[in-house]
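Subject: Structure for you to look at

Hello,

Here is the structure that I said I would pass on. Please open it first and then read the notes below it.

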Amino acid sequence: MPLTPKIPNEIVVHLGAPDSAAQNVALSFPDYIKNVASSEIYPTWPEDALRANILAQISVALNRVYTGYYRTRGYDFDITNSPAYDQTFVYQRDIYGNISRIVDEIFNNYIRRVGAIEPLFAQFCDGVEVQCPGLTQWGSVELANQGLDYFSILRRFYGDDIELVTNAPFGDSPVTAEPPTLSEGDTGADVELLQRRLNRISSNYPAIPKIRPNDGYFGPQTTEAVREFQRVFGLDPDGIVGRATWNQVLFIYNAVKKLYEVTSEGLSIDDVLTDYTTELSRGAVGDGVRTVQYYLSYIALFVPSVISAGFDGSYGPTTESSVRSFQRAYGLPETGVVNRQTFDRLESVYRSMISNIEYRFSPGRILPFFGRVIGEGAEGDDVRALQEYLNYIAQTYSEIPRVTVDGVYGPATAEQVRAFKRIFGIPGDGVRVNAPLWNSIASIYDDLYTGSSPANYISAHNSFDDAELPSSLNGKNELGGDDRAFDQDMPITMDHNELNEILICLMRHYGFHTNLRQGVFLQDEIKKALSDLSLVLGIEASSFSTTELIKRMKAERESILRAKKIFGEL
Amino acid sequence: MFNDFGRLTVRAQTGGAYPVSGAIVRIRGADEEISDVNYSLITNLSGNTETITLPAPSIAYSASPDAKEIPFASYDIEITAQDYYPKRIYGVEIFPRTDSIQIVSMIPIEGNGYGAPTGELIAEIPNQELED
């Protein structure tokens, strides 16, 4: 089965010709395509012309990402904004509503040559000033006016041997099932998932009413929440959740979740936000690096020209590039090295972003980690919110004592935190509340407030059924038959995407460096990962068959995810 | 001749996930013919302004490459919100019979006299017609 290219979560665009000294900006893939489409074509054109053009633009972008066209040449971006090299992109421009809705529907569709895997580099031009092989924009208008549908238009320009790929995976799941259209009267797990997502989004967008209880029944409350969501985000407010609405829900939900995810990914339960101790540069590892990466990734959510770093605690090319982008944006010398000046500025910018959110508790409101680890003696609005959350949770879990909400962290609050940790299986005797613990408390509060039980989070996440290992991956050929670690008689049966995902998760968790990326199958990297991980898992590689090794890793990953759920991945 | 209309909504948000409510949005016509168009709006709890109707050229100008006139109207927008750096976007394009959404990413003020990060105060949409 061919590896299906995955839609990237983010795409990094260079705001100039490849070798120009211009800034890069990072944005979500759908937002990028909406921008390109609004810059390249006129929204008043017939719908089929719009769709044909948008599919060509998506395919061009995916081709650049999938082939790593710029990255493999040493550039730190995926594509440029220049039509001479790629396609027009105008940073911060306005987007046309009809184009936006089409993109929401089809951003994970693209075209390719029959029998090929990579998205087609679907060259296009305007067709009047410039001629070219491939789609001409004015030509597409004419064909649409003649009554051709968008796929026929594409075939006219690119040949009959193209095919349309629909439903390419995106986000965190290895496969994308076609989301069902939901409307009033429907029931089931999909409805419950929708309700939970809307409730999370409504914490940030209070105009969207909370759905309580979120019991998986699509009633009038749910319809109203959907309608309001659609109104806020420029969709047709019909109260029906079709493709475009589903996709918007997912992306907004992910954006909202990201702020918490950043804080929980960046720090482990024992980490503390560190002060500057030493200059950090390529090759450095450890807590100082993790802190820098955390700051950068948080700031990146607010400033598109700051490209986020990883979370692996290892200062590699990605982190260096990220530091440079921050230095450039903030007028510091672009050394790629974190000296005192850069570190202080990182902290200053980060704090400005945290403190800007109106930090006040109100029922149902999930506040992000304030940016400081709080323990006995601390005072403030974050302590106040903490006490409110734990008091609310205590209504259901009576082993947690209740306290007077006074914003002062005393022994009583400490006892609350201790009890919370005991109940939810969080290890350690300490009562200091850092980011992951904060997120964990906030998420349990949110579950109870919105009426879903915490257990739902665990079961609703991708369930790993050990009995079921989907499609075939020939262990010998793909992974290198020379390596004795792999039992050549038992071919591995697993989907490439899922294997990638498991390996990336485990490599990051154990702090190993890896070049593995979603959507790309890198043979040598997979070998390296399996080899590194077999050390960590305490397996003598040669004495285990590949199937067993992978089964073991799956189980390991499962338990890590369970722990992460408790520790704050919402 | 701007004898048709398009619509515009401005959405102010920050961090990709928080609406900025209470932001003041001023909209002015950038082309000479619409220089008297002037709006002052405030964003609501979801960060959105009301949707306003703005003059735009005839839809015929976007129908074929032979049209001699620019098919859209240009507007300049200025957004200010307490505790955020102000933002200006020049050349917002409004097509006839089309809804436009202008999303503005607001950046919190850092304090200590620091200015906004590079490239985030002003955006200029180049007056481009269809070209390659």
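A crossing of two helices is called left-handed if the near helix is turned anticlockwise from the far one by less than a right angle, and right-handed if clockwise. Helices (H or I, at least four residues) and strands (E, at least two) are DSSP runs, numbered from the N terminus. This is a predicted model, in which local features need pLDDT of at least 70 and side-chain atom pairs count only at pLDDT 80 or more, while totals for chains, interfaces and linings use all residues. Residues are numbered from 1 along each chain as its sequence is written, and chains are lettered from A and ligands numbered from 1 in the order in which they are written.

Two helices of chain A

Helix H1 (residues 29–40) and helix H3 (residues 97–106) of chain A pack with their axes 9 Å apart, at an angle of about 140 degrees. Axes are lines fitted to C-alpha atoms, for helices over the stretch in contact, and angles run from 0 to 180 degrees between N-to-C directions. Angles under 35 degrees count as roughly parallel, over 145 as roughly antiparallel, 65 to 115 as roughly perpendicular and the rest as oblique. H1(A) and H3(A) are therefore oblique to each other, and their crossing is right-handed.

On the H1(A) side, Pro30(A), Ile33(A), Lys34(A), Ala37(A) and Ser38(A) meet Ile99(A), Ser100(A), Val103(A) and Asp104(A) of H3(A). Two residues are in contact if their C-beta atoms, placed from the backbone, lie within 7 Å. By class, this contact has 5 nonpolar, 2 polar and 2 charged residues. Here Ala, Val, Leu, Ile, Met, Phe, Trp, Tyr, Cys and Pro count as nonpolar, Asp, Glu, Lys and Arg as charged, and the others, Gly among them, as polar.

The sheet of chain B

Chain B has 0 helices and 9 strands. Of its 132 residues, 45% count as buried (20 or more other C-beta atoms within 10 Å of the residue's own; 12 or fewer is exposed, in between is partly exposed, and C-beta atoms are placed from the backbone).

An open sheet of 5 strands in chain B has the order E4-E3-E6-E7-E9, with mixed pairing. Strands E4 (38–42) and E9 (122–124) of chain B stand at the edges with a single partner strand each, so one side of each has no neighbour in the sheet. Two strands pair if DSSP finds at least two bridges between them.

E3(B) and E4(B) run antiparallel and are joined by 5 bridges; Leu41(B) in E4(B) is the bridge partner of Val25(B). E3(B) also pairs with E6(B) in the antiparallel sense, over 6 bridges, and here Gly29(B) stands opposite Tyr75(B). E6 (residues 73–80) and E7 (residues 87–94) of chain B are antiparallel too, over 6 bridges, with Glu93(B) as the bridge partner of Ser74(B).

In a regular strand the side chains alternate between the two faces of the sheet. Strand E3 (residues 24–29) of chain B has Val25(B), Ile27(B) and Gly29(B) on a covered face, and Ile24(B), Arg26(B) and Arg28(B) on an uncovered one.

Where the chains meet

The contact takes 47 residues from chain A and 43 residues from chain B. E8(B) gives the largest share of the chain B side, 5 residues. That side divides into 20 nonpolar, 15 polar and 8 charged residues. E8(B) also pairs with strand E4 (residues 95–96) of chain A in the antiparallel sense, over 2 bridges, and Ile95(A) stands opposite Ile101(B).

Regards
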